[in-house]
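Subject: Structure handover

Hi,

Here is the structure you were waiting for. Please load it first, then read my notes below.

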Amino acid sequence: MSDNMQERGKRGRPRDPKTQQAILAASYQLLLEIGFGAVTVEKIAERAGVSKATIYKWWPNKAAVVMDGFLSAASARLPVPDTGDVFEDVLIHAVNVTRFLTSSEGKIITSLIGEGQFDPGVAEAYRTRYFQPRRQEAKGILDKGIRRGQLQDTLDVGLGVDLLYGPVFYRLLVTGEPLDDDYVRRLVTSGFEGIRAQR
């Protein structure tokens, strides 16, 4: 669950956990049933048994509540590994992210990226609520690798994340070429040739 979902409401009133969960569950169910474009705050409110005002008190727009609903259902499936070996950690993380993105649920992210080309609110929602947290996870893994002496201490961590994960999104969104575990392993192995600490 994102930090944003755990914050107090905009007016300083804490969220009721049962009401919050009902809203998140309703938004996620509707997303799977009818797709993002057809989901409305009115439909979420009706499904959750709350008023639209309650939703708008805690979320700025439809995209934000839908993304939080999506993440509340999906984030537990992407744990951050810590095996003690940075290569294995990145490989596990990258494989898990790729498997999720190519799953039926993960394809929702692809459709949201498409929506985001025309709706800045959607783009802001998926960037801040999905991609930035995943990027921070990957940076954290590389930072540990540097501290353990497994990666070059001069490594630009942001650039390293782009190098290792960027090709996944290039295939996902541009070329449409297959994304499988073997590809991710070859990608991470090749990337590590340039960032691994010299022994």
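Contact here means heavy atoms within 4.5 Å. Keep that cut-off in mind for the helix pairs below. One caution before the findings: this is a predicted model.

**Overall layout**

The chain has 10 helices and zero strands. Read from the N terminus, the order of elements is α-α-α-α-α-α-α-α-α-α. Along the principal axes, the C-alpha atoms fill a box of roughly 60 × 35 × 25 Å.

Two packed helices are described by the angle between their axes and the distance between the axes.

**α6 with α9**

The angle is about 15° for α6 and α9, and their axes lie 11 Å apart. Angles under 35 degrees count as roughly parallel, so α6 and α9 are roughly parallel to each other. The crossing of α6 past α9 is right-handed. On the α6 side, the contact uses V90, H93, A94, T98 and L101. On the α9 side, the partners are L164, Y165, V168, F169 and L172. By class, this contact of α6 with α9 holds eight nonpolar and two polar residues, with no charged residues.

**α9 with α10**

Helix α10 covers residues 181-195. It packs on α9 at about 145°, with the two axes 9 Å apart. Here too α9 passes α10 in a right-handed crossing. From α9 come L163, L164, P167, V168 and R171. They meet Y183, L187, V188, G191, F192 and I195 of α10. The contact of α9 with α10 divides into nine nonpolar residues, one polar and one charged.

**α2 with α3**

Helix α2 spans residues 17-34, and helix α3 spans residues 41-48. Their axes are 8 Å apart, at an angle of about 120°. The two helices are therefore oblique to each other. α2 passes α3 in a right-handed crossing. α2 gives A22, I23, A26, S27, Q29, L30, E33 and I34 to the contact. α3 gives K43, I44, R47 and A48. In this contact of α2 with α3, seven residues are nonpolar, two are polar and three are charged.

**The largest pocket**

How much space lies in the largest pocket? About 290 Å³. The lining has 15 residues, and those closest to the pocket centre are F131, R135, V161, Y165 and F169. Which elements give two or more residues to the lining? They are α6 (86-101), α8 (120-147) and α9 (157-175). The lining residues divide into 10 nonpolar, two polar and three charged.

This ties back to the first pair.

Best wishes

Technical notes
Residues are numbered from 1 along each chain as its sequence is written. This is a predicted model: local features need pLDDT of at least 70, side-chain atom pairs count only at pLDDT 80 or more; totals for chains, interfaces and linings use all residues. Side-chain values use heavy atoms; hydrogens and water are left out. On a 1 Å grid over the protein atoms alone, a cavity is a set of points where a 1.4 Å probe fits but cannot get out, and a pocket is an open set with protein on both sides within 12 Å along at least five of seven lines; lining residues have an atom within 4 Å of a point. Grid points are joined across faces, edges and corners, and a volume is the space filled by probe spheres set on the points. Helices (H or I, at least four residues) and strands (E, at least two) are DSSP runs, numbered from the N terminus. Ala, Val, Leu, Ile, Met, Phe, Trp, Tyr, Cys and Pro count as nonpolar, Asp, Glu, Lys and Arg as charged, and the others, Gly among them, as polar. Axes are lines fitted to C-alpha atoms, for helices over the stretch in contact, and angles run from 0 to 180 degrees between N-to-C directions. Angles under 35 degrees count as roughly parallel, over 145 as roughly antiparallel, 65 to 115 as roughly perpendicular and the rest as oblique. A crossing is left-handed if the near helix is turned anticlockwise from the far one by less than a right angle, and right-handed if clockwise.
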